[in-house]
Amino acid sequence: MMINKRLIGTVRESKTYIVWNVLFQWFSLLANIVLMGTLTYFLASLAAGHTTPKLWGTALLIAVLAVVVRFLCTIASSRMSYLSGKAVKITLRQMIYEKLLRLGSSYNEKVQTSEVVQVAVEGVNQLETYFGAYLPQFFYSMLAPLTLFVVLSFVNLPSALVLLVCVPMIPISIAAVQTWAKKLLSKYWDQYTGLGDTFLENLQGLTTLKIYQADEQKHQAMNEEAERFRKITMKVLTMQLNSITIMDLVAYGGAALGVIMAVTQLNKGRVDLAGCLLIILLSADFFIPMRMLGSFFHIAMNGMAASDKIFNLLDLPEEGDRPLSLGQDCSVAVRDLRFSYDGQREILHGLDLDLPMGGFTAIVGESGCGKSTLAGLLMGRNKGYTGSITVGGLDLEKISEQSLMEHFTYVSHQSYLFKGTVRDNLLMGNPSADDAAMNAVLKQVKLFDFLAGEQGLDTQLSEKASNLSGGQCQRLALARAILHDSPVYLFDEATSNIDVESENDIMDQIYDLAKTKTVLLISHRLANVVRADHIYVLDQGALAEQGTHSQLLERGGVYSRLWNTQQELETYVKEDRT
């Protein structure tokens with residue numbers, strides 16, 4: 001019943017903890033049997049008037065020892081549950097992480113990021129309960145009734161037999177709803193991950209939705225999806241409540257039947273008072289383990305649905321070997337490049353462009369023209385293009401991702417800064433960098449003086465460095481990029497939405513890099529590309545113009561129009577401020 005061999009085999013370490021968990025519960029049961037036997041014998045002796053001080057002392061000593069054993073076994077069992085759950089978390093999340101590394105930076109073409117987060121967090125948490133609670137309880141619920149039957153069969157076989165026969169009624173009631181519950185929970189997880197996908201997509205595109213006044217439409221669509229999720233959640237809760245009610249009726253009914261049998265056997269003289277009391281006190285213990293298993297049933301079903309999602313992720317096909325490594329030549333050549341996200345609407349239309357070694361190349365164009373899509377293709381994050389992209393004469397799709405990451409550095413307007421210290425973030429760019437090298441790049445980007453007033457390289461950053469300003473975040477991201485010291489740098493709107501001073505300082509560093517490195521600058525602000533060696537102008541995914549800044553102005557085409565519009569706007573803003 002819900003024993004997934006692959007899942008258990010995946011987390012082999014948990015088997016030992018599960019075995020010890022079951023054994024500690026069983027020892028606790030034996031201690032409880034001893035306690036109940038002592039109590040019933042004492043009560044029977046008390047009723048017969050045969051108590052002595054020695055009997056009182058012996059009964060009290062045995063009761064105390066039994067309670068201590070049960071207490072220690074409960075603590076040990078809980079400890080085993082914790083260790084089992086811990087092993088599951090570490091193993092599965094490590095496997096998911098390694099799988100994402102093998103899928104590479106283009107993993108989101110095969111699975112949504114929101115789904116990865118959900119299965120790695122909520123899904124693994126469900127399996128923690130499956131390993132830490134359900135599986136130990138499953139095996140213990142098989143062992144406990146058999147143990148009680150063996151013990152009570154020496155007291156009164158008919159009563160013990162009736163109790164044992166009634167126990168399977170609980171798993172039978174569970175099995176009755178299992179098929180329906182499995183389908184329902186599978187549908188629940190599909191809608192859960194789907195809602196997460198929608199929420200993340202809308203959140204990331206909120207600015208665009210506001211600009212095009214499509215936020216109200218998306219708001220309504222998400223409300224409808226959330227309502228569908230609410231309804232299926234209510235169905236899951238209803239199913240759980242109904243099945244729990246059925247299990248309670250079976251458990252309490254079976255225990256009541258055991259009591260009736262004990263009293264009946266006592267009246268017939270087939271069992272003495274001590275035996276009758278022992279059967280009554282242990283009747284519930286026949287059903288409690290199986291009843292507890294029933295309470296974990298729905299969590300286990302949820303865990304099974306989550307494990308399906310996890311294994312779907314782990315089973316995603318991986319790319320074949322990409323054996324090629326880049327050498328000193330990192331010049332980029334793009335020929336007849338075409339790309340579509342959905343296989344229908346083409347975003348890039350037959351692009352031809354070159355990024356020569358040591359050159360400063362810029363790509364400009366209006367929003368939505370495909371600039372960032374091109375950057376994603378060059379960094380290997382987007383696949384499925386037609387045409388060719390070569391680096392140093394090598395096909396991009398055959399270059400190992402490790403080699404590509406070593407030779408290319410990508411800086412966007414949303415470069416991620418992790419929670420931790422400034423040192424931790426900088427070391428991601430170059431793990432072997434010493435403090436002197438890190439302080440040097442901080443001075444380059446004019447962030448050293450600010451951090452010196454804090455805790456220097458040990459300054460703590462919150463998630464996404466939200467305790468820094470936008471300009472400071474970009475300066476730190478640039479410092480990390482400089483520390484990486486790769487032959488090629490791609491800057492994708494790296495100066496967007498920051499203050500003018502930070503923008504000027506960052507551009508100064510980009511110009512310095514362009515003296516010794518190959519630099520591709522993608523920018524909506526044309527003032528930043530004036531000094532580029534070559535400028536490519538994109539218009540609706542196609543190459544409209546190319547040349548230097550002065551050449552493009554002379555032609556009076558798309559670039560000239562964008563330049564004049566931006567100059568007029570900046571002049572207006574300056575006059576408005578004065």
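Q: What should I know about the model before I start?
A: Residues are numbered from 1 along each chain as its sequence is written, and side-chain values use heavy atoms, with hydrogens and water left out. Because the model is predicted, local features need pLDDT of at least 70 and side-chain atom pairs count only at pLDDT 80 or more, while totals for chains, interfaces and linings use all residues.

Q: How many helices and strands are there in the chain?
A: Helices (H or I, at least four residues) and strands (E, at least two) are DSSP runs, numbered from the N terminus. Here the chain holds 18 helices and twelve strands.

Q: What does the radius of gyration say about the chain?
A: The radius is taken over C-alpha atoms, and the globule rule is 2.2 Å times the number of residues to the power 0.38. For 578 residues that rule gives 25 Å; the chain has 35 Å, well over it, so the chain is more spread out than a compact globule. The C-alpha trace spans about 115 × 55 × 50 Å along its principal axes.

Q: Which residues touch the most other members of the largest nonpolar core?
A: In general, nonpolar side chains of soluble globular proteins tend to be buried together. A nonpolar core is a set of buried Ala, Val, Leu, Ile, Met, Phe, Trp, Tyr and Cys residues joined through side-chain atoms within 4.5 Å. Buried means under 20% relative accessible area, exposed over 50%, and partly exposed in between (1.4 Å probe, protein chains only). In this chain the largest core has 67 residues, and Ile96, Tyr130, Phe131 and Phe287 touch the most other members. Among the elements giving two or more residues to this core are helix 3 (53–103), helix 4 (113–153) and helix 9 (273–314). Helix 4 gives the largest share, 16 residues.

Q: Which residues does Ile96 touch?
A: Contact means heavy atoms within 4.5 Å. Not counting residues up to four places away in sequence, Ile96 touches Val116, Ala120, Val124, Ile310, Leu313 and Leu314. There is also a second, separate core of 47 residues, which includes Leu461, Ala465, Phe491 and Met507.

Q: Where is Ala465, and is it buried or exposed?
A: Look in the loop between strand 8 (460–461) and helix 15 (470–484). Ala465 counts as buried because its relative accessibility is 1%. Leaving out residues up to four places away in sequence, Ala465 touches Leu417 and Cys473. Its C-alpha atom is 9.4 Å from that of Val422, 43 residues apart along the chain. Ala465 also has a phi near 50°, a positive value in a residue other than glycine.

Q: What is phi of Lys446, and where does this residue lie?
A: Phi of Lys446 is near 60°, again positive in a residue other than glycine. Lys446 lies in the loop between helix 13 (435–444) and helix 14 (448–452). Its relative accessible area is 56%, so Lys446 is exposed.

Q: How many residues of helix 10 are buried?
A: Seven of the eight residues of helix 10 (residues 371–378) are buried, so "mostly covered" describes this helix. The buried ones include Lys371 and Thr373 as well as Leu374 and Ala375. Just after the helix, Gly380 takes a positive phi of about 80°.

Q: Are Ser77 and Leu241 buried or exposed?
A: Ser77, in helix 3, counts as buried because its relative accessibility is 11%. Setting aside neighbours within four places in sequence, Ser77 is in contact with Asn21, Phe24 and Gln25. Leu241, in helix 8, counts as exposed, at 56% relative accessibility. Leu241 and Gln474 are 53 Å apart in space, C-alpha to C-alpha, and 233 residues apart in sequence.

Q: Which residues are in contact with Ser331?
A: Ser331 sits in the loop between helix 9 and strand 1 (332–340) and is partly exposed, with a relative accessible area of 23%. Leaving aside neighbours within four places in sequence, its contacts are Leu355, Pro356, Met357, Thr390, Val391 and Gly392. The C-alpha atoms of Ser331 and Val488 are separated by 8.7 Å, although these residues are 157 residues apart along the chain.
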